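Welcome! Take a moment to look over the sequence and the model, and then let us walk through a few of the contacts together.

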Amino acid sequence: MMKITTKINLLTTAWMLCILILINFVVFLLFMKTTVNMEKDILFQKAGDIIKEINTTQPSNGLKGELEDYLTEHSYIRIMDQKNKLIYEVTNDKLLSKKMKGQSTLIKQTKTHLISTEHGEEEVLIVRVPFNNGNKTLEIGERLRGLEARKEMLRAILIICTVLAALLSLLGGRWLANMIMRPIANMIKTMEEIEKSGVPKTITVQNKTKDELQTLARTFNRMINRLLINMERQKQFVSDASHELKTPLTVIKSYANLLRRHGIENNEMAEEALKAIHSEATRIQKMTETFLELATLEKENVLEINEVNLVNLSKDILKQLKDVYKRDITLHYEGIPIIIRADELKIKQVIIILLDNAIKYSNDRIEVFLKKDQHHSIIDIKDYGIGIPKEEIDNIFERFYRVDKARSRETGGSGLGLHIAKSIIKLHKGDIKIISKEGTGTNVELLLPINNGNLNKL
Ligand SMILES: Nc1ncnc2c1ncn2[C@@H]1O[C@H](COP(=O)(O)OP(=O)(O)OP(=O)(O)O)[C@@H](O)[C@H]1O
Ligand SMILES: [Mg+2]
């Protein structure tokens, strides 16, 4: 497996080299071109001067000597007639002159020409200027020896620079790749540790700048924290649940013992024991059913959303409960249909949980109001019972929480009702509000948002 750092590093360096080579090539070409152009200008200038000189002196008056004054190192000056026949030549470079014999016929105004010399290939610059009404031509040729030297130097500089840049890029790339990879490597290490130990754990966020890597680390940590919370909840639930089951089981066990010791003969006692055992067993049964329910609720996204007519739904529930409990429960609504988008079965369950509490914790009549405000459909359940102490209102939504354990024991609750109701309403993006006064009664308001969008996508 090739490490991603190595990959990034090699790729950036290769790319960098490509760019550098291209730039070097362009620089080199431009340099050559401008230098040759400069030399050309100088030669033309010289040619102009020479022609002026020729025109002012008499042809027989030692033209050769004059021309020799114009010679620079490694060059020649020629004058030719119309048919390109050599009239004069002065040179201080025999080899150049020899090599360039006859070449001049082919050129127009300027030309560079490669000749091989004792130092290898060398460039020669030639310019031609006609004069004397085109009857004669002046030609100057010059070996570009300086250019050769500068060319070599430039090439060396460029090569050294390129190698240096590649090295720097390699180092820089390594540093960059390391910087990017460190948090990822960190994360991998942590994940491996989690995998080995089975214990979720967060990573330390190192770089302080806000970037994707930090987001990645933070997201990872958030996920781990959620897992930790869930695990903690699970643990808590198991311990709470076993604790809850312990009491009825102890009761059952002691009554069973009683039966075994004195049992069957003592009819009255047997009757009492069996009754208690039956009632506790029923309690356990109900409780386990609730546990299962809670487990499915916590899976989230379990809603089956439909349009629900709250008036009809409430009527049905009230009818059922009235029949079973023989209590006075009245429904008040303003005659307008109240339609919500919700999971009908779940909402029904919430209403039953709330009514069950109202029935259990009061003896008077119970009233249910269906209302609507700007943003919510509201189900308001009112009882005139024992009420809830103010400081307990926040607690009663906790799992297994009951205000008065002894009292609730008689009414046979497990303290899960409101917790389940709250979870369901939370899934619907709604809210439960409780207003209560001890000894006077309780008012539970169920708020369901009218515009709750696509609930299952939340
Ligand atoms: N309408 C009410 N009047 C007075 N107290 C209430 C009322 N509703 C809830 N409570 C108090 O809040 C506690 C928690 O209620 P919750 O419905 O969660 O549990 P429960 O009724 O005890 O048991 P479960 O509903 O699981 O059978 C109750 O034990 C009770 O003390
Ligand atoms: Mg309840």
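Below are notes on a helix pair and on some salt bridges.

## About the model

This is a predicted model, where local features need pLDDT of at least 70, side-chain atom pairs count only at pLDDT 80 or more, and totals for chains, interfaces and linings use all residues. Residues are numbered from 1 along each chain as its sequence is written, and side-chain values use heavy atoms, without hydrogens and water.

## Two helices side by side

Helix H8 (residues 344–360) and helix H10 (residues 417–427) have axes that come within 9 Å and cross at roughly 150°. That makes H8 roughly antiparallel to H10 (an angle over 145 degrees). Helices here are DSSP runs of H or I with at least four residues, and strands are E runs of at least two. Axes are lines fitted to C-alpha atoms over the stretch in contact, with angles from 0 to 180 degrees between N-to-C directions.

## Salt bridges

The whole structure holds 15 salt bridges (a side-chain nitrogen of Lys or Arg within 4 Å of a carboxyl oxygen of Asp or Glu). One of them pairs Arg-143 with Asp-93, with the closest N and O atoms 2.9 Å apart. Arg-143 sits in strand E5 (residues 136–143) and Asp-93 in the loop between strand E2 (86–91) and helix H3 (94–99), 50 residues apart. Arg-143 is buried at 5% relative accessibility, and Asp-93 is buried at 6% (buried means under 20% relative accessible area, with a 1.4 Å probe and protein chains only).

Glu-280 and Arg-283 also form a salt bridge, at 3.8 Å from N to O. These two are 3 residues apart in helix H6 (residues 267–297), so about one helical turn separates them.

Key: Chains are lettered from A and ligands numbered from 1 in the order in which they are written. Angles under 35 degrees count as roughly parallel, over 145 as roughly antiparallel, 65 to 115 as roughly perpendicular and the rest as oblique. Buried means under 20% relative accessible area, exposed over 50%, partly exposed in between (1.4 Å probe, protein chains only).
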